[in-house]
Amino acid sequence: MSRLDSYTCPSVDRVGPRDVIKRNTADWYYEQLAADLEERIKSGEWEPGTLIPSEHQLMQEYSLARGTVRRALKALVDKGLVYKRPGRGTVVREDLKLK
């Protein structure tokens, strides 16, 4: 049994939306979200090999649309920080070297 077979994603225990998305700026929301998710990965909040919260959980946590969340996750996939497991979710790469 792999780690993912018995792993459940950490619940979103914050009250209200995260305040990291600046609404009055020229930066795209998905870029801001991708930067915050990257910081959460690099800080060790999500260890390599673990699932990150689902698209729906991230939508609620950040008060953003599904398309915005998907675009941010794609940016992380493109950077090589995470990968998608169909039917399971988005996983932090096991071979990721954190600073």
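A residue is buried if its relative accessible area is under 20%, exposed if over 50%, and partly exposed in between (1.4 Å probe, protein chains only). The model is predicted, so local features need pLDDT of at least 70 and side-chain atom pairs pLDDT 80 or more, whereas totals for chains, interfaces and linings use all residues. Residues are numbered from 1 along each chain as its sequence is written, and side-chain values use heavy atoms, leaving out hydrogens and water.

**Exercise 1.** State what share of the chain counts as buried, and classify glutamate 61.

*Solution.*
1. The chain has 99 residues, of which 35% count as buried.
2. Glutamate 61 counts as buried because its relative accessibility is 2%.
3. Glutamate 61 lies in helix H2, residues 55-62; helices are DSSP runs (H or I, at least four residues), numbered from the N terminus.
4. The side chains of glutamate 61 and arginine 40 form a polar contact at 2.9 Å. Such a contact is a pair of N or O atoms within 3.5 Å; within protein, one must be able to donate a hydrogen and the other to accept it, and residues adjacent in sequence count only if both atoms are side-chain atoms.

**Exercise 2.** Describe how H2 is placed against helix H3.

*Solution.*
1. The axes, lines fitted to C-alpha atoms over the stretch in contact, come within 9 Å for H2 and H3 (residues 66-79).
2. They cross at roughly 110°, with angles running from 0 to 180 degrees between N-to-C directions.
3. The two helices, H2 and H3, are therefore roughly perpendicular, the class for 65 to 115 degrees.
4. Contact (heavy atoms within 4.5 Å) involves Glu55, His56, Leu58 and Met59 of H2, with Arg66, Val69, Arg70 and Leu73 of H3.

Technical notes: Angles under 35 degrees count as roughly parallel, over 145 as roughly antiparallel, 65 to 115 as roughly perpendicular and the rest as oblique.
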